[in-house]
Amino acid sequence: MYHSIAYTAYDPYKITVSPDRLHSQLTWLRRRGLRGVSVGELLRARAAGRAERLVGLTFDDGYRDFLDTALPLLRAHGCTATVFVLPGRLHGSNAWDPDGPRKRLLNADGIKEVAAAGMEIGSHGMTHVTLRGADDEVLDHEVANSRRRLTDLTGVPVQGFCYPYGQLDRRAVAAVEAAGYGYACAISPGRATGQFALPRIHVGEHDGPLRLRLKRALHPVRRRRVPPLPAPAAPAEPLEAR
């Protein structure tokens with residue numbers, strides 16, 4: 001689980017990884033015979049029994065620096081990723097963070113460019129609000145409407161959802177499933193772990209080889225094992241091209 005890829009001197013929420021560090025982390029993966037892929041590709045490979053050497057990579061919030069900085073590094077290492085974006089904040093910034101530097105988000109053209117480069121686009125909700133305890137109107141707007149907006153924007157039915165702040169409850173999970181997503185990502189969802197609450201490991205600027213090895217080893221101890229899941233739909237030809 002990544003967020004922003006940039007050089008910064010102030011990072012109070014620990015969401016920023018420098019380009020140099022991302023390069024070294026991807027190098028670490030590749031030297032071990034592992035390859036970073038989108039979550040959709042990972043789940044399809046897992047369902048087919050072919051996921052042993054694959055690692056799902058996600059980038060939350062849809063920062064502009066993914067397109068400018070992360071994408072070239074991923075392509076250089078032969079990797080792909082899922083980018084969870086916010087269609088309700090096109091041309092905006094991370095205004096939900098009260099502290100820290102303002103970071104530009106992808107606009108519509110940026111999202112299309114990321115998708116055209118072979119990355120998976122997923123929804124992070126419309127505006128990055130917590131869905132735990134949300135009422136029906138908020139759930140419909142943030143979950144179902146964001147999928148409709150992104151499907152219209154990319155021309156491809158969106159399969160993945162990511163809970164803002166990693167926060168969820170039963171009603172939020174049910175809303176994601178009802179909206180037609182194929183899977184959803186959380187952080188440490190505990191008993192909710194499953195197709196619509198996949199656990200992830202946060203990766204930060206200080207994660208060098210030793211910390212990455214430890215995080216990989218501790219993952220099955222700290223988080224519930226994901227049961228066998230159906231494969232989400234494979235990427236489709238853009239709707240406008242059919």
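Student: Over the ring of which residue does the charged end of Arg147 sit?

Tutor: This is a predicted model, where local features need pLDDT of at least 70, side-chain atom pairs count only at pLDDT 80 or more, and totals for chains, interfaces and linings use all residues. Residues are numbered from 1 along each chain as its sequence is written, and side-chain values use heavy atoms, without hydrogens and water. A charge sits over a ring if NZ of Lys or CZ of Arg is within 6 Å of the ring centre and within 35 degrees of the ring normal. For Arg147 the distance is 5.6 Å, and the ring belongs to Tyr181.

Student: Is Phe161 buried or exposed?

Tutor: Buried means under 20% relative accessible area, exposed over 50%, partly exposed in between (1.4 Å probe, protein chains only). Phe161 has 0%. Therefore Phe161 counts as buried.

Student: Where does His91 lie?

Tutor: His91 has a positive phi of about 70°, although it is not a glycine. Most residues other than glycine have a negative phi. Helices (H or I, at least four residues) and strands (E, at least two) are DSSP runs, numbered from the N terminus. His91 is in the loop between strand S6 (82-85) and helix H4 (108-116).
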